[in-house]
Amino acid sequence: MAGQKRAALIRRQRNPLTPINQLPSELLSAILIKSVNDDPLHRTKSLQILAQVAWKWWQIIKSDPQFWTHIAPPMEGVELQIRKAGTLPLRLSWTEDEDPSDEDDGTDWGAVGDLVQDHASRWSGIELELYDGREAVLQALCTSHFPHLKNLRVHLSDEALTMSEEWRLNLAQCPNLQAVQLPIMPYLPVTPSSNSPIHLRTLHLDLRPMKSYSSHDLESLLRLTPQLVELKVKNLLNDTNPPAPFGARIIDLPNLRCLEFTHAVTGEEQDWIPLLAQIRAPRLEHLGLQYGRKCVMGGQTIFTVLVTWPSASTNRPEEAPLHSVLRNAGPSAAWRIEHHGHSITVEAEGSGSGRVRLIFACDNRHPSHNQFSEDTLTHLSPFGLPVDLEVLFWNSETTELEFWDEVLDATPSLRTFKVGNSVEIARRVMDRLSTKAPSSSSSSPRAPHLEKLDFQWEDHSADIWLRSKYDEDEAVQTMLDKRREIFIQGGVIDPPKLVVTVHKWSDGTEGLVEQSSV
């Protein structure tokens, strides 16, 4: 015991002599603040560990209010921590680390609600991850006035979703709010004072607890948040109050950079999101859209969103979100389209800042091949961007061969084409690429800009191809010769090079590569 005390005394005597402890207190304080674990569940323990390193560190942590502004569990000592924070703004992070099935986790949720309410004027940030509703906390959040609150994030577990529908945040209570993430639609009261815009810049909503939503309410909210930079909405389930199909007023969001709607399931009578036709965002850099399966199962063609955005309102087509983000993608922008049977992904990006990502989930019983060529590819072609297309149907019935004719005819700007399923499809594609484009005025073969043709399939089909390599090698060369002849007849003396590649899907083994100047 005496030896331990002596060792501790020696450490205390040496600690002030270490180089880091020679730093000015203000600089050392800044270093220590950066060293604190910001995880709400470990912050208190992290402070205790740092305070035990050296007497000077303990003195700095004890006396500097900056170390005490982040309030986290447990409740014990919270009031002392708030007093130590002095007059500085506070940040609350409350994350439950208990089993959600445990009804009694030892936390006094009434006290937590009082904490939120009693210090409402001091919160600059609130982050809550709660189980089982925690009505006292939600009530305090929805009834208090937060004059300095800038960031708010509330996440409720699945157990809490059915209990959260009655709690809607009045944004007028948070006049300085800049970023918000909520599991339910907030609102602004219909009063004369609500006509003045708020300064919200980031709005994330997960509307799953609502089971349905009103695009009219969301539209009203967006009109009062013109400074939005990022808008992300999940689980748009059944619009109960859509605007009129035509004549809907434009929502100007001049600073919007990111727009995402994910897990959108709009119902049988409507297969597009009205707000997409109303938003005008000239600086938009990222557009994300993900539709759920119910749209397809309801018998509606979800791909009409590509044409209804500009036509459903007074918004001019060139000002619709899709057009804006493609302009910001830069002159090198190109479409990348993947159709894997269960889903269709449409992306576009270039050297600029703009990026598009659209995902449509497909019901396996209704692959919608015709809709893919007619309602998707046909409406992407007018943008004039190169197309990189991947169509792979694994473990599905053989696709009608006419489908591949439609795909090639709908994408005259096709640049790369990756296809898989069977040797029959490969032969059909090569046969059609060996013929002139169907347009009466065309003097080029189908897909005249094609640079790479890539066949990929499972082991069995690849083995068939490899066993008949010499026959298929001849078929590839025949296709290339026919395309060259069509180009020359059209006056193109030096046709572009086309690379044909065969891959064995299981391990990526390259079976056949044919490069030609065509």
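**Strands, core and rings**

Analyst: Let's start with a strand pairing. This is a predicted model, and in it strand β12 (residues 334-339) and β15 pair in the parallel sense over five bridges. Within that pairing, His339 stands opposite Val391 in β15.

User: Which strand does β15 run parallel to over six bridges?

Analyst: That is strand β16 (residues 414-420), joined to β15 by six bridges. There, Leu392 stands opposite Gly420.

User: How many residues of β15 are buried?

Analyst: Six of the six residues in β15 (residues 387-392) are buried. Val387, Leu389 and Val391 point one way, while Asp388, Glu390 and Leu392 point the other way.

User: What about β11, how many of its residues are buried?

Analyst: Five of the six residues in β11 (residues 286-291) are buried. Strand β9 (residues 258-264) runs parallel to β11, with five bridges joining them. Ala264 has Tyr291 in β11 as its bridge partner.

User: Switching topic. How many residues are in the largest nonpolar core?

Analyst: It has 118 residues. Those with the most contacts inside that core are Leu152, Ile273, Trp335, Phe417 and Leu453.

User: What is Leu453 in contact with, leaving aside neighbours within four places in sequence?

Analyst: Its contacts are Phe417, Val429, Met430, Leu433, Met479, Leu498, Val499, Val500 and Thr501.

User: And how many aromatic pairs are there?

Analyst: The structure holds three. In one of them, Trp335 and Phe383 have ring centres 5.8 Å apart and planes at 70°.

User: Why is that pair edge-to-face?

Analyst: Because the planes of Trp335 and Phe383 are at 70°, and over 60 degrees counts as edge-to-face. The pair links distant parts of the chain: Trp335 is in strand β12, and Phe383 is in the loop between α13 (369-380) and β15, 48 residues apart.

User: Is Trp335 buried or exposed?

Analyst: Trp335 is buried, with a relative accessible area of 0%. Phe383 counts as partly exposed, at 25% relative accessibility.

User: What sort of pair do Phe403 and Trp404 form?

Analyst: An edge-to-face one, 5.0 Å centre to centre with 75° between the planes. Phe403 is buried at 2% relative accessibility, and Trp404 is buried at 1%. Phe403 and Trp404 form one aromatic cluster with Phe417.

User: Last one. What sits over the ring of Trp68?

Analyst: The charged end of Lys84, 5.3 Å from the centre of the Trp68 ring.

How values were computed
Residues are numbered from 1 along each chain as its sequence is written. This is a predicted model: local features need pLDDT of at least 70, side-chain atom pairs count only at pLDDT 80 or more; totals for chains, interfaces and linings use all residues. Side-chain values use heavy atoms; hydrogens and water are left out. Buried means under 20% relative accessible area, exposed over 50%, partly exposed in between (1.4 Å probe, protein chains only). Helices (H or I, at least four residues) and strands (E, at least two) are DSSP runs, numbered from the N terminus. Two strands pair if DSSP finds at least two bridges between them. A nonpolar core is a set of buried Ala, Val, Leu, Ile, Met, Phe, Trp, Tyr and Cys residues joined through side-chain atoms within 4.5 Å. Contact means heavy atoms within 4.5 Å. Rings of Phe, Tyr and Trp (its six-membered ring) pair if their centres lie within 6.5 Å; planes under 30 degrees apart count as stacked, over 60 as edge-to-face and the rest as tilted. A charge sits over a ring if NZ of Lys or CZ of Arg is within 6 Å of the ring centre and within 35 degrees of the ring normal.
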